[in-house]
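Please work through the following exercises with the sequence and the model in view. Each task is followed by a solution in steps.

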Number of protein chains: 2
Amino acid sequence: MSDIPARIHIVEEGPREGFQAEPPGVPTAEKIRLIETLAATGVPEIDCASFVNPKVLPQMADALGIAEGIRREQGVTYSCMWLNDKGFLQAVESGLNLPALTSGSASDTFLERNNRRTPEAQLEGQRKLRALYDAHGLGSGPVYLFTAFGCNYEGEIPQEKVLARAADLVGLCEEAGSPPACIYLCDTIGAADPGLVRRLVGAVRDRWPDYPVALHLHDTRGLGIANAMAGLELGVARFDASVGGLGGCPFAGNPAAAGNIATEELALLCERMGIETGIDLGALIDAARLAEEIVGRSLPGKLSKAGVFNPRR
Amino acid sequence: MSDIPARIHIVEEGPREGFQAEPPGVPTAEKIRLIETLAATGVPEIDCASFVNPKVLPQMADALGIAEGIRREQGVTYSCMWLNDKGFLQAVESGLNLPALTSGSASDTFLERNNRRTPEAQLEGQRKLRALYDAHGLGSGPVYLFTAFGCNYEGEIPQEKVLARAADLVGLCEEAGSPPACIYLCDTIGAADPGLVRRLVGAVRDRWPDYPVALHLHDTRGLGIANAMAGLELGVARFDASVGGLGGCPFAGNPAAAGNIATEELALLCERMGIETGIDLGALIDAARLAEEIVGRSLPGKLSKAGVFNPRR
C-alpha cells in the first residue's frame, strides 16, 4: 500500500479512441470543442486524433482539421496516434505533439485480425517508424503492448509470451538508442482483474526495473476501476482514460469495443486516495456531460450523472 | 491481502431494491420470473419484496402476490423487507424467509427525510420490532446502518457519530438477547471509496470483533467494484448486490438513486480472486439480460453486454 504515487499522469483518450469508436459524422467543430473543454480541466495530455487510412477509419478523416482548429492551452500536451510511416508523416505536418510510440500485440491472432500483420511484419514496421522518429529528432517514447491481459481469440496469453512480445518492442527501442519512456500494458478487450494486474505489472517490473509501467484499461466487464486501483497501489503513475467512458458502444451491438475507464472516475479515485492528477473534477464532469451531448446518448460513466459528493456540508 | 475469504454470501437485491426504484407497473409475473431465474443461478439469497405502505411505494403493492407465486428452489433463501410492525406481520403471512432486521441511519437528516423519524423514534420502532421478532421465535438478524459512508444532506458523517448510531442498534439487539448476526454498513448514496471502506470496516471490527461486517454498496459514482474489492481484501464475506445493477435510474432524472453494484460483476471479481460464491456466472448473466428485458432498457452492468471472457481457448 505504501507504493501509492504522489501524482499520476493521465492521458485523455476520449477525442481519439472515443470518437474513433463512434459512428462517423461527429462534426470536427464538436471534437475541437470537447478537446478545448478537456484542456481547461487540468488534464495534462489529450490524445486528439489518429492519422490512419480514412477509408478504414472515416471517423478520423478530419484529423488534420482537428489539429489546425484547436486553440492551445499552455502546459497541455496535444498528442496523436498513427500506425505506419505515412500516418506519422501526416502527424508531423499536423503540428500536434508526437509521442514516439512503438506498438505490438501479445496476441498474434489479434495483431493479424486488427492490423493485418504477422508479429515479424509488425516489428519490421515499428523498426522503420523508429528510424523515422530518429530522423525527426524524436527521443524515447512509450511502448504499447496490446491484449496484454488476454484476447478474445486466444484467451489468456501465457505470461512468458506476453513478456517475449514486450521484449521484442523494448529491444527494438533499446537497440535504436531510445529506451522506452514507459511500457503500456493494454487491456484491449477488458480481460484483466486486479490479481492479473498485480502479477503482470510485477513481472514486467522485475524484467525492466528502469522503465515505468503504464496502464491502458478498458471497462468491458465492469472491473476497470478495481484494476486501476490495483495499479495505483503498485505505484503505476501513468494511465490512459476516456472522458465519460467514451468509446463504449454497448447499444451498437459491439460490446467488445467498450471504452476506457472513465477519466473522471479515475480522477475521483485518485482524489480519494490522496493522489494528485492536476484535474478539476467538477470541470471534468462538465466535459463528460458535453461528450454525452455531442454523441447524443448516455455514456457509461456514472459520476457525471450523480455529481461530486461533497463530504463537507 | 491474506484476509480474503474462501467464500462469500451474496444477497441478490434486484427484485426488491431494484424493482422498488423502477416506475410502478412491472407485472408480478415478470418479477416472479426474474426471481425464479435468479434462484437457478446458485445465488444463495434473494430479497424478493418489501412489505411497505402501497400508497408510498406502489411498486411493492404486489409483495404478497410475489411471495405466493414463487416456485421455491431448495437451498435458496427468499427474503423480504419491512419498515414497521404492520409490514412485518404481512411478511409473516407471506411465508417468505424473515431476516430479523434492525435498521437505522448514520445521518439523522437522511432518517428524517427518508423515514420521517427522529433517531429516538427510529430506535423505539426497532425495539418494538425486536419484541415482535421474539414473539415470533426469530433469533438474531442483520443490523443495517444506512448512510454509513456519507449522506447527501450531511456530507461525510464523522466516524464517532457512525459508530454511535451503530452502537444504538447493536445495543438494542444485545439487550434483547439476540446479538447481531452481522452489521451491514450501507453506502446508501454511493459516497464511499476504498480507503473509507477500510477505515470504517476496521473501526467497526475493532469495536465489535465478534460481529461480522457486511457491505451494501451502491455504484453511484463508479467506485462500487473498487469498494467491494477493498471489502473482500479485508475479509468481508457478505455483500448485497443487484443483478445488472438494477435499481439505478440515471435516465429518470434521479441519479442519486443509482443501483447496487452489479451482482454478476461482483461474482466475476470473486471468481478471479478465487473466492467461491456458489454462482454460475453464465446463468447470472442471462438473468441480467432478462432483467433488462423486463425493464425495457439497458442496465448499468457491463459484463452482461460483453459476456464472460474465457481465459482458456
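The model is predicted: local features need pLDDT of at least 70, side-chain atom pairs count only at pLDDT 80 or more, and totals for chains, interfaces and linings use all residues. Residues are numbered from 1 along each chain as its sequence is written, chains are lettered from A and ligands numbered from 1 in the order in which they are written, and side-chain values use heavy atoms, with hydrogens and water left out.

**Exercise 1.** Classify the aromatic pair of Trp82(A) and Tyr133(A).

Solution. 
- Rings of Phe, Tyr and Trp (its six-membered ring) pair if their centres lie within 6.5 Å; planes under 30 degrees apart count as stacked, over 60 as edge-to-face and the rest as tilted.
- Over all chains, the structure holds 8 aromatic pairs.
- For Trp82(A) and Tyr133(A), the centres are 6.0 Å apart and the planes 75° apart, an edge-to-face pair.
- Trp82(A) belongs to strand E3 (residues 77-82) of chain A and Tyr133(A) to helix H6 (residues 119-135) of chain A, so the pair ties together parts 51 residues apart in sequence. Helices (H or I, at least four residues) and strands (E, at least two) are DSSP runs, numbered from the N terminus.
- Trp82(A) and Tyr133(A) are both buried (under 20% relative accessible area, 1.4 Å probe, protein chains only).
- Together with Phe88(A), Trp82(A) and Tyr133(A) form one aromatic cluster.

**Exercise 2.** Determine which ring lies under Arg113(A).

Solution. 
- A charge sits over a ring if NZ of Lys or CZ of Arg is within 6 Å of the ring centre and within 35 degrees of the ring normal.
- Arg113(A) lies over the face of Tyr153(A), 4.3 Å from the ring centre.
- In chain B, the charged end of Arg113(B) sits over the ring of Tyr153(B), at 4.3 Å from its centre.

**Exercise 3.** Find the rotation that superposes chain B on chain A.

Solution. 
- Superposition is by least squares on the C-alpha atoms of residues with pLDDT of at least 70 in both copies.
- The rotation is 180°, with 0.0 Å of shift along its axis and an RMSD of 0.0 Å.
- The two copies are therefore related as by a two-fold rotation axis.
- Within chain B, Ala226(B) comes closest to the rotation axis, its C-alpha lying at 2.2 Å.

**Exercise 4.** Describe how the axes of H2(B) and H11(B) cross.

Solution. 
- Axes are lines fitted to C-alpha atoms, for helices over the stretch in contact, and angles run from 0 to 180 degrees between N-to-C directions.
- The axes of helix H2 (residues 28-39) of chain B and helix H11 (residues 281-295) of chain B come within 9 Å and cross at roughly 170°.
- H2(B) and H11(B) are therefore roughly antiparallel (angles over 145 degrees).

Technical notes: Buried < 20%, exposed > 50% of the residue type's maximum accessible area, 1.4 Å probe, protein only. Parallel < 35°, antiparallel > 145°, perpendicular 65-115°, else oblique.
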